[in-house]
Amino acid sequence: MPEDYMTDLDEKHSFWLDFGRDNYAGVTWSNIPQKDGRTLFIGWMSNWLYAQEVPTEKWRSTMTLARELILKKRDETYRIFSKPVRELNKYRTVIFAEDKIDSEKKYRYEAENGDLMNNEFSFNLPVKNINKVEFVLSNKQNDSLKFGFNKTDHQFYVNRKKSGITDFSEKFTQKIATAPRIVKSDTLKVHFILDKTSIEIFYDDGATVMSEIFFPNKPYDTFTITTNSNFTIQDMEINKIDLE
């Protein structure tokens, strides 16, 4: 049974639903019709270490996207995978799509109009010959949110030390968030969704998830991918998410 794998776990176990710092007190819906059959989840996207000190006006905190939780068996172990609910499809508009992009150590994408907030990115990245890949969201004020994958220790990370306004709490940037890569594959699947002050990252079809908040001085308008060798981006798609 799945619960047999969940006994006597220490804090650094690999069974977290979300390894980011900003997904707390998640709840699942009850009374979902049997014909639907999904397990749906939503969390509070903040952290009590700094929730009452964040530099926002007129509002404070938000919720994660609604997600579907799916139980899968991998290598004789049960895992819960997460993905945004399918209802999000009605709010998506494709603004960029490319089957294959060859890059020499660095790829750069800039917003043609406005910024990259409220955008969704998805792509596949072969990592057989890559030791480290770093993704960066940035703006012209030199704010940058960095996240990526270190192949040597099989760890994802999110670094928001220079993401924008951070001086409201030393605990906000005290540590770099990390998460284990659970899926063993030479292709890294990357899927993330940006809002004005948050990112929700779903790696490897939702095997590893990280949710983080940030407060840039201006919206991010540039996305870059940097690696230690030449690389190929596969099936890249960028969508605008319009919930208004």
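Which residue in β3 does Phe41 stand opposite? In this predicted model, Phe41 stands opposite Arg67 in β3. The model is predicted, and local features therefore require pLDDT of at least 70, side-chain atom pairs count only at pLDDT 80 or more, and totals for chains, interfaces and linings use all residues. Residues are numbered from 1 along each chain as its sequence is written, and side-chain values use heavy atoms, with hydrogens and water left out.

Strands are DSSP runs (E, at least two residues), numbered from the N terminus, and two strands count as paired if DSSP finds at least two bridges between them. Strand β2 (residues 39-44) has five of its six residues buried, so it is largely enclosed by the rest of the structure. Buried denotes under 20% relative accessible area, exposed over 50%, and partly exposed the range in between (1.4 Å probe, protein chains only). Strand β1 (residues 24-28) runs antiparallel to β2 and is joined to it by three bridges; here Thr28 is placed opposite Phe41. Three bridges also link β2 with β3, again in the antiparallel sense, and Phe41 faces Arg67 in that pairing.

Leu71 is located in strand β3 (residues 67-74) and is partly exposed, its relative accessible area being 48%. Together with Leu17 and Ile80, Leu71 makes a nonpolar surface patch of about 240 Å². Patches consist of residues with over 30% relative accessible area and no salt bridge, with like charges joined within 9 Å and nonpolar side chains (Val, Leu, Ile, Met, Phe, Trp, Tyr) within 5 Å. A salt bridge is a side-chain nitrogen of Lys or Arg within 4 Å of a carboxyl oxygen of Asp or Glu. Accessible areas come from the Shrake-Rupley method with a 1.4 Å probe, and for residues only the protein chains shown count as cover.

Axes are lines fitted to C-alpha atoms, for helices over the stretch in contact, and angles run from 0 to 180 degrees between N-to-C directions. Strand β16 (residues 231-241) runs antiparallel to β5 and is joined to it by ten bridges, with Thr93 opposite Lys240.

Another open sheet of six strands has the order β6-β15-β8-β9-β10-β11, and its pairing is antiparallel. The edge strands, β6 (106-110) and β11 (177-180), each pair on one side only. The twist from one strand to the next averages 15°. Strand β10 (residues 155-159) is connected to β11 by four bridges in an antiparallel arrangement, and Gln155 has Pro180 as its bridge partner in β11.

Tyr109 belongs to strand β6 and is buried, with a relative accessible area of 10%. Apart from neighbours within four places in sequence, Tyr109 is in contact (heavy atoms within 4.5 Å) with Ile95, Phe96, Leu116, Phe121, Asp221, Thr222, Phe223 and Ile238. The C-alpha atoms of Tyr109 and Thr222 are separated by 5.8 Å, although the two residues are 113 residues apart along the chain.

Lys105 lies in the loop between β5 and β6 and is partly exposed at 44% relative accessible area. Asn118 lies in the loop between β6 and β7 (119-126) and is partly exposed at 23%.
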